[in-house]
Amino acid sequence: MIQVSRLVKIYSTGESQVVALQDVNLEIAAGEFVSVMGPSGSGKSTLMNILGCLDTPTSGSYKLDGVEISSLDDTGMAKARNLKIGFVFQNFNLLPRMTALRNVEIPMLYAGIDAKERVKRATTMLEKVGLSGRINHRPSQLSGGQVQRVAIARALVNEPAILLSDEPTGNLDTTSGEEILAIFQDLNRNGATIVLVTHERDIALHTSRIIHFRDGRLVDDERVENPLDALEQLKKQRTVPAALSEEAHFVQTEESDALREDAR
Amino acid sequence: MNLLESIRVALEGIQANKLRSFLTTLGIVIGIAAVIAVVAIGQGGQAVLMAEMEKVGTNIFFISVDWNDESSIRGFSAGDVQVLKDRLPGITHLSANSSNMDNVRGPKKKKYCTVQGVSSEYSFISKMTMKEGRFFSSEDDGLGRRVAVLDEALADEIFGRADPVGNMVSIGSTPFLVIGLVAKGESIFGFSENVNAYIPGKTWRNIYGSYISNLQGSAVSKETVQGTMEQAVKVLERRHPGVQYSSQSMEQIKQSAGKITGIMTLIISAIAGISLFVGGIGVMNIMLVSVTERTREIGIRKALGARRKDILVQFLIESVVLSVLGGIIGMAVGIGGAFIIAKVAKWPPLVSWWTALLAFAFSACIGVIFGLLPANKAAKMDPIEALRRD
């Protein structure tokens with residue numbers, strides 16, 4: 001799915017040059033759930049930007065879904081971001097003036113999908129992340145966890161090849177964070193390729209592979225034998241009813257929201 | 001991104017910043033309103049002026065001797081008048097005119113005013129309506145009788161309540177019998193009220209000892225007036241070789257008056273157009289602010305797959321929507337203003353559909369022109385930088 005070879009990124013600011021990525025080689029297969037860890041300044045964000053087609057490498061090759069990205073122009077990059085990549089950000093990045101539904105519609109707007117189809121797909125997607133009752137709410141009317149679920153729905157609505165997520169739980173409380181991870185794990189089980197950036201090992205342990213970065217280099221590629229199961233974690237926090245089965249948790253998240261509020 | 005969605009986003013943006021959007025569009029509103037009102041008033045005024053001249057008669061022409069020339073004669077003779085009448089059937093009426101200023105004394109007071117020596121046909125040429133009595137006849141003129149016809153306003157002033165017709169006035173030191181009053185014309189330009197005394201041309205020449213200074217004639221129609229006038233000048237030139245004549249028809253005057261008012265309207269519209277330009281700068285200014293404020297939104301949209309073109313179009317549409325809204329409001333204000341002014345000035349308001357259409361198109365153009373710079377700035381933004389911004 002992702003093939004990165006001899007990737008170098010150098011930022012030139014006037015006279016000084018900062019090497020953000022140095023000779024990075026990386027392969028991520030379809031269906032993998034990978035986390036990228038490293039201290040700040042390690043180059044993990046730069047890697048994410050390049051993987052997300054928001055930035056171009058100084059040298060080296062990046063193939064996404066068989067397509068060499070560094071050969072694309074601005075329009076090609078935009079198209080790749082639109083159709084191949086789904087972004088989930090730490091600070092959600094929803095448009096505040098728009099409802100959940102219209103936020104989810106945005107990627108489809110740029111894909112040229114007509115209005116009727118957009119509403120249909122966006123509604124389905126919001127139902128999948130457990131927000132069927134909140135499609136006409138604005139971000140300010142939703143909790144952090146709900147906002148992030150809208151962002152996930154938005155990231156997935158164009159059925160991208162890969163989901164990129166930069167600290168998706170960073171601004172959430174533990175329970176909400178765990179719920180987001182549960183969604184990711186479920187998506188992954190259903191075949192989605194996910195790359196997640198985090199600086200928390202607890203979060204990274206939910207994935208099956210951890211890539212460590214330091215000073216712009218890939219220093220370690222760690223396999224996680226038994227990834228943590230987010231649903232189990234939620235059960236441990238005793239906020240999810242026993243009846244909540246693994247198959248159904250997607251549509252039940254709203255209920256768990258209510259339960260959690262009761263528990264407080 | 002499709003057009004409808006862009007317009008929707010633009011309208012939401014405008015709604016979110018109501019006061020700011022209102023103040024921004026105000027510049028366009030004032031500009032468009034000013035241009036529409038000025039053009040409408042200008043055209044209305046022009047139409048009134050034309051109608052007024054039409055009323056006077058566009059088949060009228062004037063001929064005078066060109067004084068710049070060291071010519072032997074400085075005016076026309078009675079013979080000239082007769083020859084023109086005999087030779088040119090295209091002339092329906094011809095009057096030999098002279099005028100000067102003198103005191104006209106009535107029983108109440110005297111008035112220093114214009115004393116016109118004219119032929120009897122003058123009343124037909126200038127379409128006079130008699131309020132009382134009659135205009136003098138060709139016999140009065142031929143015999144040089146001391147009869148006078150007064151403009152109503154003059155009679156009112158020097159006679160007061162007394163009835164002027166049948167009574168005497170003295171013009172200079174010569175007594176005259178008043179035989180008629182000329183009714184006030186219904187002029188839109190109320191200030192140009194005539195205050196004249198008319199006496200037979202021959203009588204005038206007897207008293208003031210001078211020559212016929214100009215000829216005033218009417219042709220069969222306004223179409224033939226130019227030709228008839230030129231023929232008349234030719235006849236005169238043949239009779240008096242070396243003398244230069246200048247001539248002018250009412251049709252010519254009307255046309256040049258139309259041209260002048262047209263130019264005036266254009267100049268004032270251009271000045272009003274400057275405010276439109278200033279309004280455009282206001283739009284550009286606020287669009288630049290908007291782009292800066294929404295840097296993050298631009299970043300998000302780009303991350304979700306917006307191309308440069310999409311962002312450019314979105315912001316362009318926003319500035320066009322802003323300008324066109326201003327244009328529509330300005331159109332309403334301008335048309336309303338034109339109607340009010342027309343009502344006060346008592347002339348027909350003339351708002352042509354093309355002015356409105358032009359204003360609409362122009363405000364859209366302003367939106368595009370002044371939106372281009374901010375929209376381009378937005379489109380060129382680096383998505384990573386944009387996403388990082390708060």
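Start in chain B and select helix 10, residues 295-303. Seven of its nine residues are buried, so this helix is largely enclosed by the rest of the structure. Keep in mind throughout that this is a predicted model.

**Stop 1**

Show side chains for the buried set. In helix 10 of chain B it runs B:Glu297, B:Ile298, B:Gly299, B:Ile300, B:Arg301, B:Lys302 and B:Ala303.

Which elements cover the buried residues of helix 10 of chain B? Colour both chains to see them. From chain A, the cover includes helix 2, strand 6 (85-88) and helix 3. From chain B, it includes helix 11, helix 12 and helix 13 (383-388).

Now step just past the end of helix 10 of chain B. There B:Gly305 has a positive phi of about 115°.

**Stop 2: helix 11 and helix 12 of chain B**

Two of the covering elements come next. Select residues 308-345 of chain B for helix 11 and residues 353-379 of chain B for helix 12. Their axes lie 7 Å apart, and the packing angle is about 145°. Look along the pair: helix 11 of chain B passes helix 12 of chain B in a right-handed crossing. Colour the residues of this contact by type. You will find 20 nonpolar, nine polar and one charged.

**Stop 3: where chain A touches chain B**

Move to the boundary between the chains. On one side are 18 residues of chain A, in contact with 17 residues of chain B. Which elements give two or more residues to the side of chain A that touches chain B? Select helix 2 (74-83) and helix 3 (100-110) of chain A. Helix 2 of chain A makes the largest contribution to this side, with six residues. By type, the chain A side divides into nine nonpolar, four polar and five charged residues.

**Stop 4: chain A as a whole**

Chain A holds nine helices and 10 strands. Of its 264 residues, 48% are buried. Take the contacts in chain A with a separation of 6 or more: 68% of them join residues 24 or more positions apart.

Then colour by pLDDT. Chain A averages 88, and 90% of the residues score at least 70. Where in chain A is the pLDDT below 50? Select residues 241-249 of chain A. Beyond near neighbours in sequence, that stretch has eight contacts in the model.

**Stop 5: chain B as a whole**

Bring chain B back and zoom out. Chain B has 13 helices and 10 strands. Its C-alpha trace spans about 105 × 50 × 30 Å along the principal axes. The radius of gyration of chain B is 33 Å, whereas a compact globule of 390 residues would be near 21 Å. Buried residues make up 41% of the 390 in chain B. For contacts in chain B between residues at least 6 apart in sequence, 84% join residues at least 24 apart.

**Stop 6: B:Ser246**

Finish on a single residue. Select strand 10 of chain B, residues 245-249, and pick out B:Ser246. Is B:Ser246 buried or partly exposed? It is partly exposed, because 13 other C-beta atoms lie within 10 Å.

Which residues does B:Ser246 contact, leaving aside its neighbours within four places in sequence? They are B:Ser64 and B:Asp66. Now draw a distance from B:Ser246 to B:Trp67. Their C-alpha atoms are separated by 9.3 Å, although the two residues are 179 residues apart along the chain.

Note on methods:
Residues numbered from 1 in each chain as written. Chains lettered and ligands numbered in written order. Predicted model: local features only at pLDDT ≥ 70, side-chain atom pairs only at ≥ 80, totals over all residues. Contact = placed C-beta atoms within 7 Å. Helix = DSSP H or I, 4+ residues; strand = E, 2+ residues; numbered from the N terminus. Nonpolar A, V, L, I, M, F, W, Y, C, P; charged D, E, K, R; others polar. pLDDT = per-residue confidence, 0-100. Axes fitted to C-alpha atoms, helices over the stretch in contact; angles between N-to-C directions. Left-handed = near helix turned anticlockwise from the far one by under 90°. Rg over C-alpha atoms; globule rule 2.2 N^0.38 Å. Buried ≥ 20, exposed ≤ 12 C-beta atoms within 10 Å, placed from the backbone.
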